[in-house]
Amino acid sequence: MPSAIAARGLTKEYKGSHGRRALDRVSLDVDRGEIFGLIGRNGAGKTTFLRIAGTQLLPTSGRIEVLGHDAVAHPNAVRDLVAVIPQESRPFFYATPFEHVYYYLRLRGVPSSEARRRSLETLDRLGLTKVKDLVLWKQSGGLRRRVLVAMALASGAELLFLDEPTTGLDPLARRDVWTAVEEAAKEGRTILLTTHYLEEADRLAGRVAIVDHGRVGQGGGVAQGVRLVGGDFAQDAAHDLAGTGL
């Protein structure tokens with residue numbers, strides 16, 4: 001069985017970057033059914049990798065297959081099998097949490113009764129039942145972020161791309177998201193998670209890759225990945241790791 005994600009020599013240069021590479025010949029494998037973490041500071045290249053794997057961005061060179069499909073040559077085949085929470089995504093302020101999840105599922109072709117059931121179950125998992133019928137413009141940024149997470153988790157997609165899913169959440173809300181992600185993994189789904197929270201990566205991901213200036217160090221766990229990548233990020237992360245006991 002092929003990997004969920006298989007990248008070989010993946011490179012991305014943006015126009016006007018004067019040769020600076022957001023991704024620099026990255027080769028990476030994500031196994032089916034695992035939670036895989038991409039860790040790094042802002043601008044390291046995590047989101048670029050996720051956007052290429054999610055068919056939202058074309059690479060400059062290299063190859064990437066997602067669930068057995070070439071993500072560049074056959075993007076529609078990939079899109080049918082994945083769900084994405086982009087880091088910069090925003091909900092519709094005049095819709096409710098329930099409406100967001102329900103109509104997203106309907107757009108994906110889920111029958112009405114099934115979409116309603118999944119929506120209510122997922123909102124409950126994320127502690128959103130009491131606010132499910134309130135318009136989002138009255139709610140906090142953290143709550144809006146949890147609604148976007150609920151949309152992806154409810155989708156039933158085989159592969160989930162979660163880009164900084166807990167940014168802006170308080171500790172209790174963050175743990176609700178962690179529990180829901182773990183439950184999705186127990187259902188056999190594959191999850192690619194980007195985060196700059198070392199505690200989050202250690203809690204959720206079986207394996208991680210540390211991304212720093214477009215380069216990747218892949219290890220079994222957080223501490224090993226930090227040692228492999230080296231550089232400034234490794235020094236900063238080593239200090240953080242000392243405080244977490246990882």
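# Salt bridges and rings

Visitor: Which residues are linked in a network of salt bridges here?
Guide: Glu13, Arg21, Asp24 and Arg25 are joined up in one such network. A salt bridge here is a side-chain nitrogen of Lys or Arg within 4 Å of a carboxyl oxygen of Asp or Glu. Keep in mind that this is a predicted model, where local features need pLDDT of at least 70 and side-chain atom pairs count only at pLDDT 80 or more, while totals for chains, interfaces and linings use all residues. Residues are numbered from 1 along each chain as its sequence is written, and side-chain values use heavy atoms, leaving out hydrogens and water.

Visitor: How far apart are the closest N and O atoms of Asp24 and Arg25?
Guide: They are 3.0 Å apart. Arg25 counts as exposed because its relative accessibility is 58% (exposed is over 50% relative accessible area, buried under 20%, partly exposed in between, with a 1.4 Å probe and protein chains only).

Visitor: And how many salt bridges does the count come to?
Guide: The count is 21. One of them pairs Arg8 with Asp29 at 3.0 Å, N to O. That pair links distant parts of the chain, with Arg8 in strand 1 (residues 5-13) and Asp29 in strand 2 (residues 21-30), 21 residues apart. Strands (E, at least two residues) and helices (H or I, at least four) are DSSP runs numbered from the N terminus.

Visitor: What does the Asp212 and Arg41 pair tie together?
Guide: Their side chains meet in a salt bridge at 3.5 Å, N to O. Asp212 is in strand 9 (residues 207-212) and Arg41 is in the loop between strand 3 (35-39) and helix 1 (46-53), so the bridge ties together parts 171 residues apart in sequence. Asp212 is buried at 1%, whereas Arg41 is partly exposed at 30%.

Visitor: Switching to rings: how many aromatic pairs are there?
Guide: There are 3, counting rings of Phe, Tyr and Trp (its six-membered ring) with centres within 6.5 Å; planes under 30 degrees apart are stacked, over 60 edge-to-face, the rest tilted. Phe98 and Tyr102 are stacked, 5.5 Å centre to centre with 15° between the planes. They are 4 residues apart in helix 3, so about one helical turn separates them.

Visitor: Is Tyr102 buried or exposed?
Guide: Buried, because its relative accessibility is 13%. Tyr102 also pairs edge-to-face with Tyr103, at 5.0 Å and 80°. Phe98, Tyr102 and Tyr103 form one aromatic cluster.
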